[in-house]
Amino acid sequence: MNVDELRQRLTFYRDLGVKDLYKMNPKPAAEPQPEVILPSIAPAGDTLARILEDIGDCRRCRLCEQRGKIVFGSGNEQSRLVFVGEGPGADEDAQGFPFVGRAGQLLTQMIENTASKEGIPIRRPDVYICNVVKCRPPENRTPLPDEMEICGEFLFRQLMAIRPKAICALGSTAAKALLATKDGVTRLRGHWHKWRDIPVIVTYHPSYLLRPYNQNAKREAWEDLKKVLHFVYD
Ligand code: URA
């Protein structure tokens with residue numbers, strides 16, 4: 001509306017006997033809202049079978065493009081102890097089970113030898129093992145943040161469904177996913193953390209321990225494992 005049109009309009013209102021006009025303030029801009037981090041959507045009475053069904057033939061991130069099999073998890077579904085790794089490697093991608101390659105063999109040895117030495121009557125099938133991402137990252141690269149976030153929803157549901165007494169995070173990717181930290185394993189290992197209300201121990205990833213010059217890390221990983229096994233099974 002130009003000035004002449006406005007004048008005409010006001011004259012018209014005056015002729016009608018309207019004496020007061022009020023200018024409406026424009027609506028205030030929406031206040032910036034604090035970021036809301038929603039909990040993962042875990043239906044009441046969630047089960048591992050239901051989570052697996054929800055994963056389906058997952059296409060939620062780019063990792064689906066080159067994967068062979070989805071690697072969901074394996075072991076005792078009522079286990080009091082859950083190990084969380086990073087993501088499937090070539091052997092796991094081919095077979096559909098976590099930690100079945102060289103790193104997996106070392107993990108099995110670590111669990112079974114430590115338990116046996118410490119007089120704890122458990123074998124690998126007595127614990128539950130899964131990964132942060134369920135599909136193999138190309139060339140075994142570290143999962144990207146969006147991949148971890150999308151697949152993390154399923155990891156969190158697995159942990160909520162099992163509700164173990166403790167979790168052992170294997171390596172920095174698992175630690176990052178569970179503890180939302182940027183700290184590395186060296187800093188995080190050796191003491192307890194929490195995922196929600198569940199105690200978490202962080203230790204070195206078995207692939208790291210396979211490198212020949214990491215003898216010190218090996219000794220520390222055994223200490224971490226002893227600690228978590230005694231906490232859970234004593
Ligand atoms: N490394 C992982 O983090 N997970 C596996 O399942 C195998 C190797």
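## Ground rules

A polar contact here is a pair of N or O atoms within 3.5 Å. This is a predicted model, where local features need pLDDT of at least 70, side-chain atom pairs count only at pLDDT 80 or more, and totals for chains, interfaces and linings use all residues. Residues are numbered from 1 along each chain as its sequence is written, and side-chain values use heavy atoms, with hydrogens and water left out.

## Around the ligand

G85, E86, G87, E92, P98, F99, N131 and H205 surround the ligand. By class, this shell holds 2 nonpolar, 4 polar and 2 charged residues, with Gly counted as polar and Pro and Phe as nonpolar.

## Polar contacts and burial

Which side chain places an N or O atom 2.8 Å from an oxygen atom of the ligand? That is H205. From the backbone, an N or O atom of E86 sits 2.7 Å from a ligand oxygen, and a polar backbone atom of F99 lies 2.9 Å from an oxygen atom of the ligand. On its own the ligand exposes 230 Å², and the protein buries 93% of that area (Shrake-Rupley method, 1.4 Å probe).

## Cysteines

How many disulfides does a search of the whole structure find? The count is 0, using a cut-off of 2.5 Å between cysteine sulfur atoms. C130 has a relative accessible area of 1%, so it is buried (under 20% with a 1.4 Å probe, protein chains only). C168 also counts as buried, because its relative accessibility is 1%.

Conventions:
Near = heavy atom within 4 Å. Polar contact = N/O pair within 3.5 Å; in protein donor to acceptor, adjacent residues only side chain to side chain. Buried < 20%, exposed > 50% of the residue type's maximum accessible area, 1.4 Å probe, protein only.
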